[in-house]
Amino acid sequence: SHSVCAEMLIFAFFLALTALVFQVILLPQLVILAFAPFLALVMMRRELGKALWLSALAGMVIDFFSDDPIGLHALNYALVTGLLFKIKKHLLEDHPFHLSLYTILVSSLSTAFQLILLFLFDRRVPFDGLWVFADLVGMPMVDGFYAFVWFAAPLLFFDKLKKMWVLFWLK
């Protein structure tokens, strides 16, 4: 139902926000896209208009913690959502592996867009070509694993707990 989906997305948003705060405060050397699994979930479970708004909102949260020019992450996430949205018809929204796969695609495209946007609006980022494999392949694979461990497992648990709660109250 619509309310269960909304509750699940709110839970996922706070999972991503928690990961971001941990990353910023405790492990700044850890390079993950904290909201990449959230973007994948939003695309899988919402129509395009809402997915674009929620993606931009997630990008604004990242912008708040970032020293990049304001709005770059919001624009990046909206562009990623616009381009990858139609892929959802090939994925099962309740399948953890598909969430990981979608997250890998989101992460890879987002990284490519971020590098282009930083090149256009902020010349502090050097481009030497060595980052290509690590940032466009390696990092998205880590993000896919992060999606599986930090999102898929808790969301499955959340779903099971919700069903058990409903069954308990229906008896």
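These questions and answers concern a predicted model of one protein.

Reader: How many helices and how many strands are there in the protein?
Author: The model is predicted. Read along the sequence, its pattern is α-α-α-α-α-α. The count for the protein is zero strands and six helices.

Reader: What percentage of the residues in the protein is buried?
Author: A residue counts as buried when its relative accessible area is under 20%. The protein has 171 residues. Buried residues make up 39%.

Reader: Is Ile 62 buried or exposed?
Author: Ile 62 is in helix α3, which covers residues 48–65. The cut-off for buried is under 20% relative accessible area. Ile 62 has a relative accessibility of 11%, so Ile 62 counts as buried.

Reader: Which residues does Ile 62 touch, not counting residues up to four places away in sequence?
Author: A contact needs heavy atoms within 4.5 Å. With residues up to four places away in sequence not counted, the residues that Ile 62 touches are Leu 20, Phe 35, His 73 and Tyr 77.

Reader: How far apart in space are Ile 62 and Ala 74, C-alpha to C-alpha?
Author: In sequence, Ile 62 and Ala 74 are twelve residues apart. In space, the distance from C-alpha to C-alpha is 7.9 Å.

Reader: Which residues of α4 are buried?
Author: Helix α4 has 13 residues and spans 18 Å from its first C-alpha to its last, close to the expected 18 Å. The cover over its buried residues includes α2, α3 and α5. The buried residues of α4 are Leu 72, His 73, Ala 74, Asn 76, Tyr 77, Val 80, Thr 81 and Leu 84.

Reader: Which residues is Leu 99 in contact with, leaving aside its neighbours within four places in sequence?
Author: Leu 99 is among the residues with the most contacts inside the largest nonpolar core. Leaving aside neighbours within four places in sequence, its contacts are Pro 37, Ala 40, Leu 41, Met 44, Ala 147, Phe 151 and Ala 152.

Terms used. Residues are numbered from 1 along each chain as its sequence is written. This is a predicted model: local features need pLDDT of at least 70, side-chain atom pairs count only at pLDDT 80 or more; totals for chains, interfaces and linings use all residues. Side-chain values use heavy atoms; hydrogens and water are left out. Helices (H or I, at least four residues) and strands (E, at least two) are DSSP runs, numbered from the N terminus. Buried means under 20% relative accessible area, exposed over 50%, partly exposed in between (1.4 Å probe, protein chains only). A nonpolar core is a set of buried Ala, Val, Leu, Ile, Met, Phe, Trp, Tyr and Cys residues joined through side-chain atoms within 4.5 Å. The expected span of a helix is 1.5 Å times one less than its number of residues.
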